[in-house]
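Trainee: Could you go through this structure with me, one piece at a time? I have the sequence and the picture open.

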Amino acid sequence: MNLPSKVRLIDVGPRDGLQNEKQPVPAAVKIELVHRLQAAGLREIEVTSYVSPKWVPQMADNHEVMQGINRQPGVRYSVLTPNLKGYEAAALDKPDEIVVFGAASEAFSQKNINCSIAESIERFAPVVQEALAAGIAVRGAMSCTVGCPYEGEIAPGRVGYLAGLMKGIGVQRVDVADTIGVGTPKKVQAAIEATLAHYDIDHVSGHFHDTYGQALSNTHAALQMGVWNFQSSVAGLGGCPYAKGATGNVATEDVVYLMHGLDIDTGIDLDRLVDAGAFISQHLGRPSGSRVARALLAKRSH
Ligand code: HMG
Ligand code: MG
């Protein structure tokens, strides 16, 4: 088995993780979380999104959060932008990367961003153009690449179709997302394979939610294909407000533990990461969603 020797983890906790929280999380807590993540060695952090506050009230403080972060050199701060209005607001805060987010499922596209897949690409095109012209990197999130809460199973061909559209408008790299965490290794590998028709392995990342407990297996399956970029959420926070019942992303702590066990370099200090997860879990008033964090915290208290 020829696995990558290093991986790059993008912690999406502050954005994907917190967007679903019903109670407003103060901007100061979000900022502190970002600081703790970078101190733990994260080199990519998805900080917030510039979406309609009517749709996702928790992200309404995007500007305050981005302005409040002490930026560390070498760390890439990314933000979600669904349209030009979002991009223009984001650009004022100088993100390193913006993320346009589409879906392989028509129904999910409608529920999440209120337009068809084709319309979403039309909206993204000028956003991508402006970002690239301003020297901002562009990532594309592809939701529902194995299953959709409204349409059920999604064929790999539809993932390939979306990846081709993303490539066509200049998106530099894409995330293969299992939004509702229904995927198993074979299906996730088929979605990645379809994406590889348009993007090389260095420009494809895995974004796995853990609803059915398959996210680590899916991560390992992606590693076996050579994927070395993964999104995960500290403490396993999260879910998408437009994917009912879907739980958080795979916990960053669990992915780091897996990688270190495979002798794969992450650049992350697991103890400090566990502290970051404990910080946000304490604020939210519930135990961490990371099995590894819970085990290590229990060990510490002995
Ligand atoms: P819409 O209602 O069709 O937009 O929403 P519109 O252009 O018709 O505008 C309606 C109102 O929204 C107007 O305000 C606009 O100004 C405002 P009004 O005149 O009524 O006061 N508006 C905005 N406000 C702030 N920021 C903006 C913006 N755009 C319009 N950017 C829209 C379309 C895309 C805005 C809406 O559907 C939306 O905000 N959706 C976001 C949903 C979302 O954030 N979902 C979660 C992120 S995706 C995810 O979690 C999946 C991922 O993790 C991968 C995976 O796991 O699958 C990435
Ligand atoms: Mg997600």
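Trainee: Which residues does Ser233 touch, not counting residues up to four places away in sequence?

Mentor: Keep in mind first that this is a predicted model. Leaving out those sequence neighbours, Ser233 touches Asp11, Val12, Gly13 and Gly17, and also Asn249, Val250, Ala251, Thr252 and Glu253.

Trainee: And where does Ser233 sit, and is it buried or exposed?

Mentor: Ser233 belongs to the loop between β10 (229-232) and α10. Its relative accessibility is 0%, and because buried means under 20%, Ser233 counts as buried.

Trainee: How far apart are Ser233 and Val159?

Mentor: Along the sequence they are 74 residues apart, and in space their C-alpha atoms are 23 Å apart.

Trainee: Switching to the metal, what coordinates the magnesium ion, ligand 2?

Mentor: The magnesium ion (ligand 2) is coordinated by Asp16 through OD, and by His207 and His209 through NE2 in each case, at 2.1 to 2.3 Å. Along the chain, these donors follow the spacing D-x190-H-x1-H.

Trainee: What about Arg173, which side chain does it make a polar contact with?

Mentor: The side chain of Arg173 makes a polar contact with the side chain of Glu97, at 3.0 Å. Arg173 lies in strand β8, which covers residues 173-178, and it counts as buried because its relative accessible area is 10%. If you leave aside neighbours within four places in sequence, the residues in contact with Arg173 include Ile10, Glu44, Arg76, Tyr199, His203 and Asn229.

Trainee: Arg76 makes me think of β3, so how many of its residues are buried?

Mentor: Four of the five residues of strand β3 (residues 76-80) are buried, so the strand is largely enclosed by the rest of the structure. Strand β2 (residues 44-49) runs parallel to β3 and is joined to it by five bridges, and Leu80 in β3 is the bridge partner of Ser49.

Trainee: Now α6, where does it have a kink?

Mentor: The kink in α6 is about 25° and lies at Phe124, shortly before the proline Pro126.

Trainee: What span should α6 have, and how far apart are its ends?

Mentor: At 1.5 Å a residue, the 17 residues of α6 should span 24 Å, and its end C-alpha atoms are 24 Å apart, so the two values agree.

Trainee: Which residues of α6 are buried, and what covers them?

Mentor: Among the buried residues of α6 are Ile117, Ser120, Ile121, Phe124 and Val127. What covers the buried residues includes the helices α4 (84-91), α5 and α7 (156-168), together with the strands β4 (97-103) and β5 (137-143).

Trainee: One last topic, phi angles: where should I look for positive values?

Mentor: Most residues other than glycine have a negative phi. Asn114, in the loop between α5 (106-113) and α6 (117-133), is not a glycine and yet has a positive phi near 65°. Asp263 is not a glycine either, and its phi is positive at about 60°; it sits in the loop between α10 (252-261) and α11 (270-284), and at 70% relative accessibility it counts as exposed.

Note on methods:
Residues numbered from 1 in each chain as written. Chains lettered and ligands numbered in written order. Predicted model: local features only at pLDDT ≥ 70, side-chain atom pairs only at ≥ 80, totals over all residues. Heavy atoms only, no water. Helix = DSSP H or I, 4+ residues; strand = E, 2+ residues; numbered from the N terminus. Buried < 20%, exposed > 50% of the residue type's maximum accessible area, 1.4 Å probe, protein only. Polar contact = N/O pair within 3.5 Å; in protein donor to acceptor, adjacent residues only side chain to side chain. Contact = heavy atoms within 4.5 Å. Donors = N, O, S within 2.8 Å, 3.2 Å for Na, K, Ca; no water. Expected span 1.5 Å × (residues − 1). Bend = angle between axes of the 7 residues up to and from the residue. Pairing = 2+ DSSP bridges.
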